[in-house]
Amino acid sequence: AARRRAAAADAGRRQLSHDIHHQIGTISLLATLLGEAADVGPHSRARAGLILREVERLDRLQRAYDDCPPAEGPGAPGRR
(Lines give C-alpha, C1' and ligand atoms only; values in the text may rest on other atoms or scores of the structure.)
Protein backbone atom coordinates (compact mmCIF):
# COMPACT_ATOMS: atom_id res chain seq x y z
CA ALA A 1 0.00 0.00 0.00
CA ALA A 2 2.82 2.40 0.86
CA ARG A 3 4.56 1.62 -2.41
CA ARG A 4 1.36 2.37 -4.36
CA ARG A 5 0.92 5.68 -2.54
CA ALA A 6 4.54 6.61 -3.26
CA ALA A 7 4.11 5.70 -6.94
CA ALA A 8 0.89 7.73 -7.14
CA ALA A 9 2.57 10.71 -5.44
CA ASP A 10 5.50 10.46 -7.86
CA ALA A 11 3.13 10.32 -10.85
CA GLY A 12 1.24 13.32 -9.49
CA ARG A 13 4.49 15.24 -9.03
CA ARG A 14 5.56 14.46 -12.61
CA GLN A 15 2.17 15.53 -14.00
CA LEU A 16 2.22 18.78 -12.02
CA SER A 17 5.76 19.49 -13.19
CA HIS A 18 4.72 18.83 -16.79
CA ASP A 19 1.76 21.19 -16.43
CA ILE A 20 3.95 23.92 -14.92
CA HIS A 21 6.51 23.56 -17.74
CA HIS A 22 3.69 23.83 -20.26
CA GLN A 23 2.41 27.06 -18.69
CA ILE A 24 5.93 28.52 -18.50
CA GLY A 25 6.35 27.75 -22.19
CA THR A 26 3.03 29.39 -23.02
CA ILE A 27 3.92 32.58 -21.13
CA SER A 28 7.33 32.63 -22.79
CA LEU A 29 5.79 32.32 -26.25
CA LEU A 30 3.24 35.06 -25.58
CA ALA A 31 5.90 37.43 -24.23
CA THR A 32 8.13 36.71 -27.23
CA LEU A 33 5.29 37.41 -29.65
CA LEU A 34 4.50 40.65 -27.83
CA GLY A 35 8.13 41.75 -27.86
CA GLU A 36 8.43 41.08 -31.60
CA ALA A 37 5.10 42.59 -32.67
CA ALA A 38 5.41 45.45 -35.14
CA ASP A 39 2.67 47.51 -33.49
CA VAL A 40 4.25 47.49 -30.00
CA GLY A 41 6.09 50.50 -28.65
CA PRO A 42 9.50 50.45 -26.98
CA HIS A 43 8.12 50.52 -23.42
CA SER A 44 5.89 47.51 -24.03
CA ARG A 45 8.77 45.74 -25.78
CA ALA A 46 10.97 46.37 -22.73
CA ARG A 47 8.26 45.01 -20.42
CA ALA A 48 7.96 41.91 -22.59
CA GLY A 49 11.72 41.44 -22.15
CA LEU A 50 11.33 41.69 -18.38
CA ILE A 51 8.58 39.07 -18.47
CA LEU A 52 10.84 36.77 -20.50
CA ARG A 53 13.68 37.13 -17.99
CA GLU A 54 11.36 36.26 -15.11
CA VAL A 55 9.97 33.28 -17.03
CA GLU A 56 13.52 32.05 -17.61
CA ARG A 57 14.15 32.26 -13.86
CA LEU A 58 10.94 30.34 -13.16
CA ASP A 59 11.99 27.70 -15.66
CA ARG A 60 15.38 27.29 -13.97
CA LEU A 61 13.72 27.01 -10.55
CA GLN A 62 11.24 24.45 -11.84
CA ARG A 63 14.01 22.37 -13.40
CA ALA A 64 15.99 22.51 -10.15
CA TYR A 65 12.89 21.34 -8.29
CA ASP A 66 12.48 18.49 -10.78
CA ASP A 67 16.04 17.39 -9.99
CA CYS A 68 15.31 17.17 -6.24
CA PRO A 69 14.33 13.75 -4.96
CA PRO A 70 10.80 13.57 -3.56
CA ALA A 71 10.54 13.98 0.19
CA GLU A 72 10.02 10.77 2.09
CA GLY A 73 8.96 9.81 5.54
CA PRO A 74 6.12 10.73 7.87
CA GLY A 75 7.06 14.43 8.04
CA ALA A 76 7.20 14.91 4.28
CA PRO A 77 4.68 17.27 2.70
CA GLY A 78 1.50 15.47 1.74
CA ARG A 79 2.29 12.47 3.96
CA ARG A 80 0.32 11.47 7.03
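In the predicted model, helix H2 comprises 26 residues and reaches 38 Å from its first C-alpha to its last, close to the 38 Å expected at 1.5 Å a residue. Within H2, the residues Ala48, Val55, Asp59 and Gln62 are buried. The buried residues of this helix pack against H1.

The arrangement of the two helices was examined next. Two packed helices are described by the angle between their axes and the distance between the axes. For H1 (residues 2-36) and H2 (residues 42-67), the axes come within 9 Å and cross at roughly 165°. Because angles over 145 degrees count as roughly antiparallel, H1 and H2 are therefore roughly antiparallel to each other. The crossing in which H1 passes H2 is left-handed.

On the H1 side, the contact is formed by Arg13, Ser17, Ile20, His21, Ile24, Ile27, Ser28, Ala31, Thr32, Leu34, Gly35 and Glu36. These residues meet Arg45, Ala48, Ile51, Leu52, Val55, Leu58, Asp59, Gln62, Arg63, Tyr65 and Asp66 of H2. Classified by residue type, the contact of H1 with H2 contains eleven nonpolar, six polar and six charged residues.

Alanine 6 was considered separately. This residue lies in helix H1. Alanine 6 has a relative accessible area of 32% and is therefore partly exposed, since buried means under 20% and exposed over 50%. Along the chain, alanine 6 and proline 70 are 64 residues apart, whereas 9.4 Å separates their C-alpha atoms.

Notes. Residues are numbered from 1 along each chain as its sequence is written. This is a predicted model: local features need pLDDT of at least 70, side-chain atom pairs count only at pLDDT 80 or more; totals for chains, interfaces and linings use all residues. Side-chain values use heavy atoms; hydrogens and water are left out. Axes are lines fitted to C-alpha atoms, for helices over the stretch in contact, and angles run from 0 to 180 degrees between N-to-C directions. Helices (H or I, at least four residues) and strands (E, at least two) are DSSP runs, numbered from the N terminus. Angles under 35 degrees count as roughly parallel, over 145 as roughly antiparallel, 65 to 115 as roughly perpendicular and the rest as oblique. A crossing is left-handed if the near helix is turned anticlockwise from the far one by less than a right angle, and right-handed if clockwise. Contact means heavy atoms within 4.5 Å. Ala, Val, Leu, Ile, Met, Phe, Trp, Tyr, Cys and Pro count as nonpolar, Asp, Glu, Lys and Arg as charged, and the others, Gly among them, as polar. Buried means under 20% relative accessible area, exposed over 50%, partly exposed in between (1.4 Å probe, protein chains only). The expected span of a helix is 1.5 Å times one less than its number of residues.
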